[in-house]
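Thank you all for coming; I would like to walk slowly through one structure with you this morning. Please look at the display first, and then follow along as I go from one place to the next.

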Amino acid sequence: MRVIIVVVVALIIVRLAYWAKSRYWHPKEQASPQYSKAMTPWQKKFFTVSVFTRLNTRRFFRDRLAIFFGILFPLIFLFVFGGIYGSSNNNVTIDAGVINRSSSRIASEFISNAKSAKVIKVDKSVTTLMAAENKMIRGQLDATIVLPPSFGVVASHQTYPSGQAEVYYTNNSSQAGQTLVSVLEAEFQGLNAKYVPVTTPFTAVGKELNQKSLTEFDYIFSGLLGFSIIGIGIFGPINVFPELKKQGILRRFHTTPIKVWQYFVSMAASQAIIGLISLAVMFIVAISVFHIKVIGNYAEIAIFLVFGIVMILGIGLAIGGWARNERQAAPLGNIVVFPMMFLSGTFFPRYLMPDWLQHISSYLPLTPIIDGARLLTTGGQSLTQIGSQLGAMAAWLIIIYVIAFRVFRWE
Amino acid sequence: MSKVMSVAVKNLRKHYGDKEAVKGISFEISRGEIFGILGPNGAGKTTTLEMMEAMRSIDSGQVIIEGIDVTTHAEDVKRIIGVQPQSPAFQDKSKLTEIIELFGAAYGERVSPMTLLEEVQLADKAGSYTETLSGGQKQRLSIAAALVHNPKVFFMDEPTTGLDPQARHNLWDLVGQIQKKGVTVIITTHYMDEAELLCDRVAIMDNGEIIALDTPKHLIGSLLKKGFTKQQRVEQANLEDVFINLTGKGLRE
């Protein structure tokens with residue numbers, strides 16, 4: 001939650017600063033910058049790319065519809081799928097009140113142990129059974145542990161301390177209550193052994209493997225990253241290009257010396273910036289709301305995702321660049337996008353598919369992106385370990401861009 | 001007028017399938033001249049213009065612009081020409097200054113947007129988005145965008161179609177200013193009054209051929225010599241004069 005607030009506040013500050021600058025700060029235009037700085041031919045070429053990139057990116061953030069489809073739309077899917085798959089939380093915690101009526105040392109030790117236990121979340125504000133009961137009725141507490149005054153005191157006919165903790169719970173929270181009882185019993189076993197020697201011939205011990213099992217949501221999340229990349233890389237260009245062609249805007253650029261590669265590179269750069277922001281928002285939501293555990297290196301993840309965006313953008317550039325109008329762009333876009341969207345694991349994991357379909361779908365361009373993103377974010381792998389995904393992406397990148405350059409039309 | 005050759009078109013041809021759209025036309029234009037290409041729809045004006053702008057392949061013949069062959073050095077030609085399309089459109093959500101910056105960048109040039117916008121009287125609109133502009137304002141922005149790289153030859157395709165009389169007069173003034181800088185202007189139009197007022201010489205095209213090429217004055221003179229008379233004696237003023245006289249020459253936007 002804190003992460004979201006920080007990011008939102010930061011965005012608001014940046015926005016305000018930008019607004020204030022455009023409103024109150026008017027830099028004097030240089031006298032005659034027309035031919036002020038002599039640039040080498042290559043500097044000129046990249047100057048073209050950088051200005052196109054900057055203005056293109058800026059336009060995106062002025063366009064509410066584009067922001068909706070580029071950033072909010074994938075988030076809606078994230079919330080829907082996160083709501084379905086994300087709630088299966090394996091780490092059960094019990095909200096418990098603890099009321100200590102005993103003044104013994106053992107009782108206070110026990111309380112501090114309970115507070116540090118993973119399973120029990122102690123509500124410190126509860127001090128009386130009455131207050132605890134009210135909270136339990138309202139569902140704010142699962143159970144309440146009460147240590148009676150005699151707890152931990154050495155009784156007159158005994159040589160060791162004893163006591164019985166009471167666990168209170170409501171009809172609805174009996175499962176939590178029973179769990180808490182067995183947790184306490186396990187805890188007391190250790191305590192008992194300290195005072196009364198016991199032999200335990202049969203025991204069981206848990207061993208945690210140093211491996212992370214991926215949850216279904218880990219698969220869904222990387223799939224949604226893929227979905228978002230499709231939105232930015234394909235749906236963006238195939239919606240924009242026909243309009244630019246219809247109005248003659250691209251044709252107008254063609255009357256200037258700008259080259260197709262300059263146009264493509266500037267598109268790729270601005271879509272990569274927009275895409276990274278969109279995906280970062282998804283990460284923030286997934287981490288803060290759905291508690292996804294990112295164990296990968298963020299720099300590697302960012303590099304990988306930019307690679308994915310640029311590769312998928314090639315498909316959008318090829319379709320949008322080839323199509324003369326939206327009647328050509330829309331159907332072709334759907335033919336390419338929909339099989340990829342369903343077979344590459346955007347909305348449901350590929351391991352649920354029959355083997356033959358998994359085999360076929362592994363050759364689609366989006367598949368290595370989704371697989372690689374999952375391996376990097378939650379699979380604990382690094383860029384050097386996902387060579388097969390990177391290789392497949394590089395091969396697709398070359399194929400896609402060769403096609404895109406060949407079929408591009410300015411009008 | 002000092003006759004330095006700016007544009008030379010020699011025996012230019014273009015086929016579309018069986019149809020010959022441009023049938024071997026030739027003409028020369030001097031530097032600083034305003035040259036009009038007139039003709040009915042389908043006469044081949046736009047095709048001719050597009051071949052000269054290196055936007056369409058040339059079947060045969062030659063176009064030389066400021067000494068550069070369009071067929072072999074298309075990119076070099078693009079660097080010295082400015083092109084004003086028939087109905088200029090700009091990407092939305094962009095400020096006027098950004099559009100100028102963008103076109104400057106397309107030529108690899110850092111430009112001063114405000115200076116160029118002042119030249120076309122759009123300085124007060126500098127921070128607005130392009131979608132808020134009127135037709136005449138879009139034409140003027142388009143001219144500014146076509147001048148970012150100080151072109152030597154300026155092509156205008158029917159620049160005043162759809163504009164109100166004030167905007168047309170303003171555009172004619174602008175074309176005059178561009179000519180004064182020594183820029184060669186090539187213009188196509190359907191309006192004969194525009195051609196007569198603006199152009200130093202006009203070529204009249206029909207069916208892919210140039211059927212007349214001279215100054216407007218000479219063309220009218222030779223028609224009169226043939227004994228042509230109008231049905232009605234021409235008034236000393238026309239309706240447009242009345243309109244401009246009543247509503248003024250100031251731009252309305």
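Predicted model: local features only at pLDDT ≥ 70, side-chain atom pairs only at ≥ 80, totals over all residues.

Gln121(B) lies in the loop between helix 4 (113-119) and helix 5 (135-146) of chain B, where helices are DSSP runs of H or I with at least four residues, strands are runs of E with at least two, and both are numbered from the N terminus. Residues are numbered from 1 along each chain as its sequence is written, and chains are lettered from A and ligands numbered from 1 in the order in which they are written.

Most residues other than glycine have a negative phi. Gln121(B), however, has a positive phi of about 55 degrees although it is not a glycine.

Let me turn to helix packing. Helix 2 (residues 41-62) of chain A and helix 3 (residues 96-106) of chain B have axes 8 Å apart and pack at an angle of about 155 degrees, where axes are lines fitted to C-alpha atoms over the stretch in contact, and angles run from 0 to 180 degrees between N-to-C directions. That makes helix 2 of chain A roughly antiparallel to helix 3 of chain B, since angles under 35 degrees count as roughly parallel, over 145 as roughly antiparallel, 65 to 115 as roughly perpendicular and the rest as oblique. Among the residues that meet there are Phe47(A) and Leu55(A) from helix 2 of chain A, and Glu98(B) and Ala105(B) from helix 3 of chain B, meeting being judged by C-beta atoms, placed from the backbone, that lie within 7 Å.

Within chain A, the axes of helix 10 (residues 298-322) and helix 13 (residues 366-377) come within 10 Å and cross at roughly 170 degrees. That makes helix 10 of chain A roughly antiparallel to helix 13 of chain A.

Technical notes
Contact = placed C-beta atoms within 7 Å.
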